[in-house]
Amino acid sequence: MSEHDPRAAGEAQGERPQPAKPTLFDRLRTLFGMGGVSVRDDIEDALATTSTEADLSAQERAMLKNVLDLHEVKVEDLMVPRADIIAVAIDASLHDVLSLFRTAGHSRFPVHGETLDDPRGMVHIRDFLDYLATGPQAAGAEKPMETPSKLPTIDLSLPLSEAKILRPVLFVPPSMPALDLLVKMQATRTHMALIIDEYGGTDGLASIEDIVEMIVGDIEDEHDFDEGPDVEAAADGTFVANARAALDDVWQTIGVDLDLFTDAEDVDTLGGLVTALAGHVPVRGEIIAEGPFEFEILDADPRRVKKIKIRRRVDPVTPPASAAPAAGDTSR
């Protein structure tokens, strides 16, 4: 080492050189492939720091963290389960389709044959309104058509299949990474995908909005209604919960670990737990008692449980043990 080396001079004075802490600029260099061992680790470290050097708001940190976490998200983690899919049959009348658009508040629906396992495509509200406004010639039109001065007479009793306005949907497996689906949706300009299980049946539905919400959080529009918390405490000490509430959220609210139920190992939601405890799909008004709790079914249909009341069980009064006979008492 040269005698003029400043590091040698520092060590001679008893100073130990300290490794320089990478700055945010250095981490950004790593992001663009200009060095570094793990880009992801460097970005996560940068987001974890609380120094003012990062100059990121809490919202920006949360969104960037969600972007990093998205590579671990599978389609099955964000899909709408089959039981919650709102779909329309291909032989449904145009009047029924119109009513569904009015009540459901969605801009597109999957279209199926006899069941959801026979998907035929999707119907978009814009194509549907074009058909009502301009008649059959609007089907498949790529360019916007002029609004007629007089609406044509459309027979709303006609089946949807005769309107010729169906569009294709994507078919993807549940194990597909959510990022891959997002790229595929962008490339095909298709915003709806049906998740198909290993047997060819429909397992769920995913839209581009579901993926974006994994990054930015819930997106609500003017037609979305606040459903309230998944688990809510009542004045009488009970809890009213959405059956789709995650077991972790239920545990945090009521302060008891629901993992004490052996049936909770294979389910993720409160409704799944109650169904597993009952051994069947419970009906409205049914009470399932297990351990320290009673689960009362407030709302259900033949396929699933919707709302549940949770209350702690009152331990039965144990009758006092027979008193031992007093000394000298020989009565029998």
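Modeller: We shall take a helix pair and then a sheet. This is a predicted model, in which local features need pLDDT of at least 70 and side-chain atom pairs count only at pLDDT 80 or more, while totals for chains, interfaces and linings use all residues. Residues are numbered from 1 along each chain as its sequence is written, and side-chain values use heavy atoms, with hydrogens and water left out.

Biologist: At what angle do helix H3 and helix H4 pack?

Modeller: Two packed helices are described by the angle between their axes and the distance between the axes. Here H3 (residues 39-48) and H4 (residues 58-69) pack at about 155 degrees with their axes 10 Å apart, the helices being DSSP runs of H or I of at least four residues and strands runs of E of at least two. Axes are lines fitted to C-alpha atoms, for helices over the stretch in contact, and angles run from 0 to 180 degrees between N-to-C directions. H3 is therefore roughly antiparallel to H4, a term for angles over 145 degrees.

Biologist: Which strands form the sheet, and in what order?

Modeller: The open sheet has 3 strands in the order E2-E3-E4, with mixed pairing, where two strands pair if DSSP finds at least two bridges between them. E2 (88-89) and E4 (119-124) stand at the edges with a single partner strand each, so one side of each is left without a neighbour in the sheet. E2 pairs with E3 (residues 108-112) in the parallel sense over 2 bridges, and Val88 stands opposite Val111 in E3.

Terms used:
Parallel < 35°, antiparallel > 145°, perpendicular 65-115°, else oblique.
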